[in-house]
Amino acid sequence: MGATLAPPRTEPAARIGPNAVIQLVAAMQARWGERFAESLLAEATEYTPDTLPEAMIDEGEARALAHLLLDRVGAAAALPVLRDAGHRTADYLLANRIPPPAQWVIRLLPRRLGLRLLLAAITRHAWTFAGSGRFVVRWVGTWPALVFEGCTMCRGLHGDRPMCDYYAGTFERLLAVLISPAASVVEVECQALGAATCRFRLDGMS
Ligand SMILES: [Zn+2]
């Protein structure tokens, strides 16, 4: 009988883009130097600064590195560096992944329309950063909120403040460059605080 049963389905590890590791290493190097970054990288992942991933990675690797950093230096020191890693990720996307004509169009449109276009593009590419989480844009009120259901980056964390500065930083830089120079992104609900989702508010948009 057993031979006729379908083999058990094993879910492949959810994957995200390598920038979640590459840019965090760069941000740690900038803040604490190469040796610190190299030692955390070796402890949390199988990579070295010379063998950083180039393709999609297991989301657990990015999470392990971010959580190790939070554990080692504490949230107050780690969160600005995670935000910097997000800024660096956005800079990479602007230089390599978002075609210049699309950037021109988004910049030329009225803010609200440009934002709709940008958020539609971000949503289409959510498979590159959300992993096993689900990214949703909620248009309620004047400006939308950005939401992760089942956020992968803060999974398993229990903190006294929101912890998803990597995502906040990525969105923040994209918005500041393409929509409004004063844009900032604030995580107002986080699963690390026991919330059902991670929710980000957009400030400085008008
Ligand atoms: Zn969060």
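**Exercise 1.** Find where His-125 lies, and decide whether His-125 is buried, partly exposed or exposed.

Solution. His-125 sits in the loop that runs between H6 and strand E3 (134-138). Helices (H or I, at least four residues) and strands (E, at least two) are DSSP runs, numbered from the N terminus. The model is predicted, so local features need pLDDT of at least 70 and side-chain atom pairs count only at pLDDT 80 or more, while totals for chains, interfaces and linings use all residues. Residues are numbered from 1 along each chain as its sequence is written, and side-chain values use heavy atoms, with hydrogens and water left out. Next, take the accessibility classes: buried is under 20% relative accessible area, exposed is over 50%, and partly exposed is in between (1.4 Å probe, protein chains only). His-125 has 41% relative accessibility, so His-125 is partly exposed. Finally, His-125 and Phe-135 are 10 residues apart along the chain, and their C-alpha atoms are separated by 9.7 Å.

**Exercise 2.** Describe how H6 and H7 cross, and state which residues make the contact.

Solution. Two packed helices are described by the angle between their axes and the distance between the axes. Axes are lines fitted to C-alpha atoms, for helices over the stretch in contact, and angles run from 0 to 180 degrees between N-to-C directions. The axes of H6 and H7 come within 11 Å, crossing at roughly 145 degrees. On the H6 side the contact (heavy atoms within 4.5 Å) is made by Leu-115, Leu-118 and Ile-122, and on the H7 side by Phe-171, Leu-174, Leu-175 and Leu-178.

**Exercise 3.** Identify the residues that touch the most other members of the largest nonpolar core, and the helix that gives the most to this core.

Solution. A nonpolar core is a set of buried Ala, Val, Leu, Ile, Met, Phe, Trp, Tyr and Cys residues joined through side-chain atoms within 4.5 Å. The largest one has 61 residues, and Phe-148 and Tyr-167 touch the most other members. Elements that each supply at least two residues include helix H3 (59-73), strand E4 (145-149) and strand E6 (197-203). H4 gives the most, with eight residues. Leaving aside neighbours within four places in sequence, the contacts of Phe-148 include Phe-129, Phe-135, Tyr-167, Phe-171 and Phe-200.

**Exercise 4.** Locate Met-163 and Ser-180, and classify Met-163 and Ser-180 by accessibility.

Solution. Met-163 is in the loop between E4 and H7. Its relative accessible area is 12%, so Met-163 is buried. Among the residues that Met-163 touches, beyond four places in sequence, are Leu-70, Leu-79, Cys-154 and Cys-190. Ser-180 is in the loop between H7 and strand E5 (184-189). With 2% relative accessibility, Ser-180 is buried too. Its contacts outside four places in sequence are Arg-111, Leu-175, Gly-204 and Met-205.

**Exercise 5.** Count the disulfides, and classify Cys-164 and Cys-190.

Solution. A disulfide is a pair of cysteine sulfur atoms within 2.5 Å. The count by this rule is zero. Cys-164 is buried because its relative accessibility is 2%, and Cys-190 is buried at 0%.
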